[in-house]
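Take a look at the structure before you start.

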Amino acid sequence: IARNEEKAVNDQWQEKQILLNGRNHFVRWTSEDKVPLFLIHGFTDSGRYWSRLAADLENEFSIFMPDMLGHGQSDRLTGPVTLAKFAEQVVAIMNQFGVESCHLCGHSMGGLIVSTLAVNYPDRVRSVVLEDPAWSLQGAEPPIFLSQFERTRQWRTDHAVLRQASREEARARNLVGKEGWHADDVDIHLDDRLAYDPMIFDWIDFGVGVQWQAQMSKIAVPMLLLSGEPELGSIITAEMIEIFLAKAVRGETAVIPEAGHGLHREQYEAFREQMAAFLHKQR
């Protein structure tokens, strides 16, 4: 796969709002004539999270990057929503494009969405890549809303400060901890934090994150779990990797060194190589 060194977004990509069940879902895609690959972003991000990867893979795949409701340019939330409902919305977008089955990749919250989709709609999935999915071993029971936790309440407060700042000040704040990031990723990261609906903290039910062990044994297609180093912020621990390998029907794993939760942005080359190699094996 040839690297696109010039920029993260191809000007020829298409984008539009798709009306589903009375709600507008914003989707960008690279083409419609190749093997379909759906990339699902994480909490507070948007489909633009995947821009660099899409630029590198667009010659081999038709890549679809939707903004989930409450994120990016999709409609705001109007009440509580489950990740199973988000998975249903991804399938509805597939239907709009005539995609019968696809490869799936999801980051964090997106990892929960694609694994739920693979369980609920097994005939629609060819393979699954999980980028540091938002799993839990705490034994908590759903519903779990992020506004219930002190750490995520602070996260929400920090983003509110960004929204009140000037663009220059917000960008300076957003640069902290992003040494080595691609400049496009830094800008996209800030744009997404200024665009999401703050109610997502109160209205997205993350309960499926504690059900992941049962999900893994129900997914028959090949799966790749990519994680970073917990001491750098990766959610996935050595214990979770061990459980995944024991329960997954066709699972494999890789740890990306020197990466935390956003390994796609923190160690892009290593992430890209692992994902590309996995996808090539499925073709």
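Predicted model: local features only at pLDDT ≥ 70, side-chain atom pairs only at ≥ 80, totals over all residues.

Residues are numbered from 1 along each chain as its sequence is written, and side-chain values use heavy atoms, with hydrogens and water left out.

**Exercise 1.** Describe the overall build of the protein.

Solution. Start with the secondary structure: there are 11 helices and 10 strands, taken as DSSP runs (H or I, at least four residues, for helices; E, at least two, for strands) numbered from the N terminus. The radius of gyration, over C-alpha atoms, is 17 Å, close to the 19 Å of the globule rule for 283 residues, so the protein is as compact as a globular protein of that length. That rule is 2.2 Å times the number of residues to the power 0.38.

**Exercise 2.** Find where Ser 62 sits and whether this residue is buried or exposed.

Solution. Ser 62 belongs to strand β4 (residues 61–66). Its relative accessible area is 1%, so it is buried (under 20%; exposed is over 50%, partly exposed in between, with a 1.4 Å probe and protein chains only). Next, follow the side chain of Ser 62, which reaches the backbone nitrogen of Asp 33 at 3.2 Å.

**Exercise 3.** Check the length of helix α2.

Solution. Helix α2 has 14 residues (83–96), and at 1.5 Å a residue these should span 20 Å; the expected span uses one less than the number of residues. The end C-alpha atoms are 20 Å apart, which agrees. Finally, look past α2 to Gly 98, whose phi is positive, near 70 degrees.

Terms used
Polar contact = N/O pair within 3.5 Å; in protein donor to acceptor, adjacent residues only side chain to side chain.
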